[in-house]
Amino acid sequence: MTVEGPHGPDTATSSEIVTLTGDPIPDPGLPAHEPRPTDVDPRLERRAERQVSALFGLSVVFTLLFCVSYFVFDIGDNPSVFLGLGASTLFLGLCLGLALLCIGIGAIQWARKLMGDHEIVEMRHPAASSEEDRTAAISAFNTGVEESGIGRRPMIRNSLLVAMGALGLPAIVALRDLGPLPGDKLYHTVWKKGMRVVQDVGFNPIRPADVVVGQLVNAEPAIFDPSRTGPDGEPLVHGTELLQQTAKAAVILVRMDPHDITPAKGREDWGVEGILCYSKICTHVGCPISLWEQQVHHLLCPCHQSTFDLADNGKVVFGPAARPLPQLPITLDAEGYIVAQSDFTEPVGPSFWERG
Amino acid sequence: MRLPRKLTHQVAAGLSTKRRSRFAGPALMLVALLLTGGIYAMFAPANADEQGSQADDVAAGRTLFLVGCASCHGKNAEGILTQRGNNYGPSLIGVGAAAVDFQVGTGRMPLAQPGQQAARKPPVYNEKEIRQLGAFVASLGPGPAVPSASDTDINGMSADEIARGGEFFRTNCTACHNFAGHGGAMPQGKYAPKIYSDTPRQIFEAMLTGPQQMPVFSNEVLSPKDKAQIIAYVKQLNSQPEYGGFGLGGIGPVSEGMFAWLVGIGGLVLAAIWIAAHTAKSKKKVQA
């Protein structure tokens, strides 16, 4: 280390280094202990004593009041007795809270007014064990190694190592439960050519004349209608399978002014009179989206604010989603109801590994 | 009026034996008058009065419109564009009386100031004036009419119907209006308002007309019965007692957690600091 002399660092010599002896800033030590009023005045001391006992006594009173309120007020009675709170809720909470608070305040008052408050210094101790303890531990370990003969009996040692190693196999074999891989399941939904688009919950089919410009219909494929039963009397899709298929096949139907829509090449006939159908599943992490701003044609996902422009082929205009919202091509059936032209032409929902 | 006169003659002929009576003339006159009036009432157009008042409403509504609305929406409600081509006030042709009843009835129109969104405020026009404005706007082009009282009647619904309304509500409404109907934020300063304080008619009209960014839910897809069930669910939801005390805006664990952290734990920290900072010391020495 160089000390900067009067002529700059390069002219400094060892003779110019000032050697300091002793501590340049002496340890000021602890300030003198100052007594509290309760330490010097017995009258104040007795008063503090009475205060602490009074607080503890008050706590008992509140505890008893809690028990009284429990029996006096009906649980779940009129919820707006006092400031929008029910009598039972209010008094049970207040009494128990105040009972605990009085014990707390009493304890603090006790500690700060009456318990000893002399400053105490506690020195740090070394973390290591004492030399005798360490020697004893090492000799115990060596005795164990010697008596078990693990060094002298390699057959036992090696077979034990193999047995322990083999125990890792079940953990690796159980990894198979992560599979099997979903195959092409992620590429398909239950939508197919000619399947009607029906309103969710109501399951009524939809004609273009029923839908006005600015309208949003939360829709499902007609196969989810619980009133359509198979030969076994059960709905066509039900139970867990219904939930899984709904998570992929849910759609929204919107109608816009046809002049506002700019269909991509090949999508010119995917809508009917300005009515377009899109997947309801966000391409970011798969939240259901139906936050539709009809005037600006934006569909907003409430989870992470991904925003899709449905007048422009579901293009992402904001947020973390990386892919446009998949569009379901629709047309009309013989009775004039809106039906799908085919399944989605791309996987719906979030991206996955194999899709790249 | 040939028929009444003919009838009068027949009655008069029947009474002819007493025609010389002192009361014959007045009696005949009375019968004739009653018949004429009765038959007129039978054949006259039944809603002549209503039509008359509707025409009056349109005229009165037009007067109100020219004073209060035309500066933004144009003298014939055709809408006004700004120089840059944006909407200054949109066209009202074809929005129907329901849209007027909602926008004016909730005080959103007339607009207090331009902005991202019209806010709810006390209505400026009274019930009659709103009806007149609605009649004028409805006369400009076909649009949804104000829903009837029977459509918005939510009394006497079974638990099943209200539960079905809940399914519709969670499917169609909660994305913007929150699962308790408390509303929520939208992009660029817009917001979905809270809906539990609106009347059933206003909620119905909002679904029917799609005010501002809200989409339309037409009666052909979401039937009036479905809408009434949704409204019944919202009202039922809002009448649920809050046993825990304060609802804190009904926006769920976020607001409650924030309240607990800021007010609860923050208060405890301040109390601890206050306790530690206040220690009385005495200059007197301890008495032995």
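How many salt bridges does the structure hold over all chains? The structure holds 17 of them, a salt bridge being a side-chain nitrogen of Lys or Arg within 4 Å of a carboxyl oxygen of Asp or Glu. Before we go on, a word on the basis: this is a predicted model, in which local features need pLDDT of at least 70 and side-chain atom pairs count only at pLDDT 80 or more, while totals for chains, interfaces and linings use all residues. Residues are numbered from 1 along each chain as its sequence is written, chains are lettered from A and ligands numbered from 1 in the order in which they are written, and side-chain values use heavy atoms, with hydrogens and water left out.

**Where the chains meet**

Chain A gives 41 residues to the contact and chain B gives 39 residues, contact meaning heavy atoms within 4.5 Å. Between them the two chains bury about 3,400 Å², with 55% of it on carbon and sulfur atoms; buried area is the accessible area (1.4 Å probe) that two parts lose on being put together, summed over both. One salt bridge is counted between chain A and chain B: A:Glu293 pairs with B:Lys190, their closest N and O atoms being 2.7 Å apart. On the side of chain A that touches chain B, the elements giving two or more residues are helix 1 (37-40), helix 3 (87-113), strand 2 (216-221) and strand 5 (291-293). Helices (H or I, at least four residues) and strands (E, at least two) are DSSP runs, numbered from the N terminus.

**Helix 3 of chain A**

The 27 residues of helix 3 of chain A should span 39 Å at 1.5 Å a residue, and the end C-alpha atoms are 38 Å apart, which agrees. The expected span is 1.5 Å times one less than the number of residues. Its buried residues include A:Leu90, A:Leu92, A:Cys95 and A:Gly106, and helix 2 (42-72) of chain A is part of what covers the buried residues. Buried means under 20% relative accessible area, exposed over 50%, and partly exposed in between (1.4 Å probe, protein chains only).

**Salt bridges inside chain B**

| Pair | N to O distance |
|---|---|
| B:Arg131 and B:Asp57 | 3.0 Å |
| B:Arg164 and B:Asp226 | 3.0 Å |
| B:Arg201 and B:Glu205 | 3.7 Å |

B:Arg164 lies in helix 7 (residues 159-172) and B:Asp226 in helix 10 (residues 224-238) of chain B, so this pair ties together parts that are 62 residues apart in sequence. B:Arg164 is partly exposed at 26% relative accessibility, whereas B:Asp226 is buried at 5%. B:Arg201 and B:Glu205 are four residues apart in helix 9 (residues 200-209) of chain B, about one helical turn. B:Glu205 counts as buried at 0% relative accessibility.

**Backbone details**

Most residues other than glycine have a negative phi, and most peptide bonds are trans. The peptide bond from A:Gly179 to A:Pro180 is cis, with omega near -5°, and A:Pro180 sits in the loop between helix 6 (168-173) and strand 1 (197-199) of chain A. Another cis bond joins B:Met109 and B:Pro110, with omega about -5°. A:His297, in the loop between strand 5 and strand 6 (298-300) of chain A, has a positive phi near 65°. A:His297 is also buried, at a relative accessible area of 11%.
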